[in-house]
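Please prepare a short briefing on the structure shown here.

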Amino acid sequence: MNDTGTPDRAAGTDPVTEAFFALHHGLPRQGPGSDATTRRLLQMAGPLPESPRVLDAGCGPGRSTLLLAEEAGARVTAVDLYQPFLDGLAAEAARRGLGDRVTVVNCSMDRLPVPDHSFDVIWAEGSVYTIGFDVALRAWRRLLAPGGVLVVTEIEWTVPDPAAPVRAYWDAAYPLRTRAANTDAAQAAGYRLRAHWPLPESDWWDEYYTPLTRHLARADPQRPGMPEALAAHRTEIDMRREHGSDYDYAAYVLRPHDTTQKETMTTWTARTETAADVPAVRDILLAAFPTAAEADIIDALRADPKAWIDGLSMVAAAPDSTPAGYALLTRCHVDGQPALALAPCAVLPSAQRAGAGSAAIRAALAAARAMGENLVLVLGHADYYPRFGFTPASRFGIRAPFEVPDEAMMAMALDDTRPVPTGTIQYPGAFGV
């Protein structure tokens with residue numbers, strides 16, 4: 001039931017398996033993880049479509065399911081083979097008002113009776129071991145929609161020569177590979193690696209081993225199957241304590257290779273918006289965001305001569321000249337010195353993950369460089385904007401005027417031979433901050 005070699009959730013009702021389930025009943029998680037890690041992986045996977053269709057494979061009691069539904073606005077299909085987990089998840093989703101966003105399904109996570117391309121995201125925190133990394137990659141690829149993403153955590157060696165006891169333990173429980181071997185396996189299965197991130201040690205202890213240890217202490221050793229279950233858990237915990245530096249849990253964010261998508265990405269024409277584009281730009285923003293707030297911000301910026309800079313409002317147009325992507329740079333300041341703010345950026349839902357947004361952003365940055373501008377600031381996904389050259393603004397001594405994760409507030413110097421100002425960002429009034 002847990003992530004580290006104990007019985008599969010599909011196992012029968014033998015006493016040892018029932019003892020395992022009893023020990024895990026009421027735990028916040030069935031293996032290493034945390035809400036903070038789920039949020040970080042969500043950032044690494046993004047940007048995602050509005051109301052993304054998510055498969056939570058091997059959902060357990062549904063900690064990740066609920067977070068994805070609540071914070072990402074996802075419509076989640078939560079799959080597991082242990083019905084009590086699914087019943088508890090459905091009840092909690094209803095209690096939180098998320099019943100219309102969470103669907104529970106009792107089936108094996110490698111035999112889902114759904115059509116191809118059914119999901120924008122496949123999520124598997126601490127569950128892939130039940131069917132194996134390679135089996136999961138093959139089984140799930142057909143389920144991903146074009147531009148979809150797979151987020152999976154897997155146990156792996158962190159050293160080339162693990163100690164003999166830990167090697168023997170994992171060879172018997174669930175043979176591990178290195179990051180390089182797992183990456184090769186993903187590539188062989190038709191994926192490209194977008195991100196790799198080892199889980200922090202606190203994910204092993206704070207929400208898993210520490211509460212599990214309390215359950216072990218309260219367990220009835222006379223219950224059938226319980227002595228074996230207790231021994232297995234204690235061996236597992238001792239192995240982590242003594243040899244934890246030899247192995248770890250790591251997240252893989254993977255996207256299928258898609259030659260069609262690459263061809264589509266070359267068709268966009270990025271250009272400065274014209275007066276005729278203004279209604280289309282508003283339509284893009286209204287389609288890309290849940291409210292009209294971003295579209296209204298654009299209107300307010302256009303009316304602010306201190307913020308608006310002609311030539312830095314960019315559209316990415318399809319071959320028929322219809323705008324599909326948008327990026328805007330406007331004047332902001334850092335402690336009184338001029339800089340540029342990149343926001344909003346938007347893409348029509350039908351054109352997402354096809355390169356329209358990237359084309360518009362790159363064109364805006366190129367235009368700003370040609371104008372002699374230097375410092376550009378952006379608040380956004382830490383795994384998206386670095387591809388354009390952005391890094392945490394804190395490295396420049398620049399901070400936002402509000403609370404924000406360090407990795408989300410980013411900056412870039414268009415000419416790294418020129419100095420940049422340090423201090424607090426002052427945004428145009430249209431942003432309301």
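Predicted model: local features only at pLDDT ≥ 70, side-chain atom pairs only at ≥ 80, totals over all residues.

Residues are numbered from 1 along each chain as its sequence is written, and side-chain values use heavy atoms, with hydrogens and water left out. Strand E11 (residues 323-334) is largely enclosed by the rest of the structure, because eleven of its twelve residues are buried. The largest nonpolar core has 77 residues, and the aromatic pairs number 18.

**Terms**

- Buried means under 20% relative accessible area, exposed means over 50%, and partly exposed lies in between (1.4 Å probe, protein chains only).
- Helices (H or I, at least four residues) and strands (E, at least two) are DSSP runs, numbered from the N terminus.

**Strand E11 and its partners**

- Strands count as paired if DSSP finds at least two bridges between them.
- Strand E10 (residues 313-317) pairs with E11 in the antiparallel sense over five bridges, and Ala 317 stands opposite Pro 323 in E11.
- E10 and E11 form a hairpin with five residues between them, and Ser 321 in this turn has a positive phi of about 75°.
- Strand E12 (residues 337-347) pairs with E11 in the antiparallel sense over nine bridges, with Gly 325 opposite Val 347 in E12.
- E11 and E12 also form a hairpin, here with two residues between them.
- Strand E17 (residues 423-426) is another antiparallel partner of E11, over two bridges, and His 333 stands opposite Gln 426 in E17.

**Nonpolar cores and contacts**

- A nonpolar core is a set of buried Ala, Val, Leu, Ile, Met, Phe, Trp, Tyr and Cys residues joined through side-chain atoms within 4.5 Å.
- Within the largest core, of 77 residues, Trp 140, Leu 150, Trp 170 and Tyr 247 touch the most other members.
- A second, separate core of 33 residues includes Ala 316, Leu 329, Ala 351 and Leu 365.
- Contact means heavy atoms within 4.5 Å. Not counting residues up to four places away in sequence, the contacts of Tyr 247 include Ile 155, Trp 157, Val 166, Trp 170, Trp 204, Glu 236 and Arg 240.
- Gly 148 belongs to strand E5 (residues 144-157) and is buried, with a relative accessible area of 2%.
- Gly 148 touches Asp 120, Leu 254, Arg 255 and Pro 256, again leaving out residues up to four places away in sequence.
- The C-alpha atoms of Gly 148 and Tyr 252 are separated by 14 Å, and the two residues are 104 residues apart along the chain.

**Backbone geometry**

- Ala 343 and Pro 344 are joined by a cis peptide bond, with omega about -10°; Pro 344 is found in strand E12.
- His 117 is not a glycine, yet has a positive phi of about 60°. His 117 lies in the loop between strand E3 (102-106) and strand E4 (119-124) and is partly exposed at 45% relative accessible area.
- Asp 335, in the loop between E11 and E12, has a positive phi near 45° in a residue other than glycine. Asp 335 is partly exposed, at 46% relative accessibility.

**Aromatic rings and charges**

- Rings of Phe, Tyr and Trp (its six-membered ring) pair if their centres lie within 6.5 Å; planes under 30 degrees apart count as stacked, over 60 as edge-to-face and the rest as tilted.
- There are 18 aromatic pairs by this rule. Phe 133 and Tyr 252 form a tilted pair, 5.7 Å centre to centre with 55° between the planes.
- Phe 133 lies in helix H5 (residues 133-141) and Tyr 252 in strand E8 (residues 247-256), so their pair ties together parts that are 119 residues apart in sequence.
- Phe 133 is buried at 3% relative accessible area, and Tyr 252 is buried at 0%.
- Tyr 385 and Phe 388 form a tilted pair, with 6.2 Å centre to centre and 45° between the planes; both residues are buried.
- Ring pairs link Tyr 169, Trp 170, Trp 204, Trp 205, Tyr 208, Tyr 209, Tyr 247 and Tyr 249 into a cluster.
- A charge sits over a ring if NZ of Lys or CZ of Arg is within 6 Å of the ring centre and within 35 degrees of the ring normal. Arg 240 lies over the face of Trp 204, 3.7 Å from the ring centre, and the charged end of Arg 240 also sits over the ring of Tyr 247, 4.9 Å from its centre.
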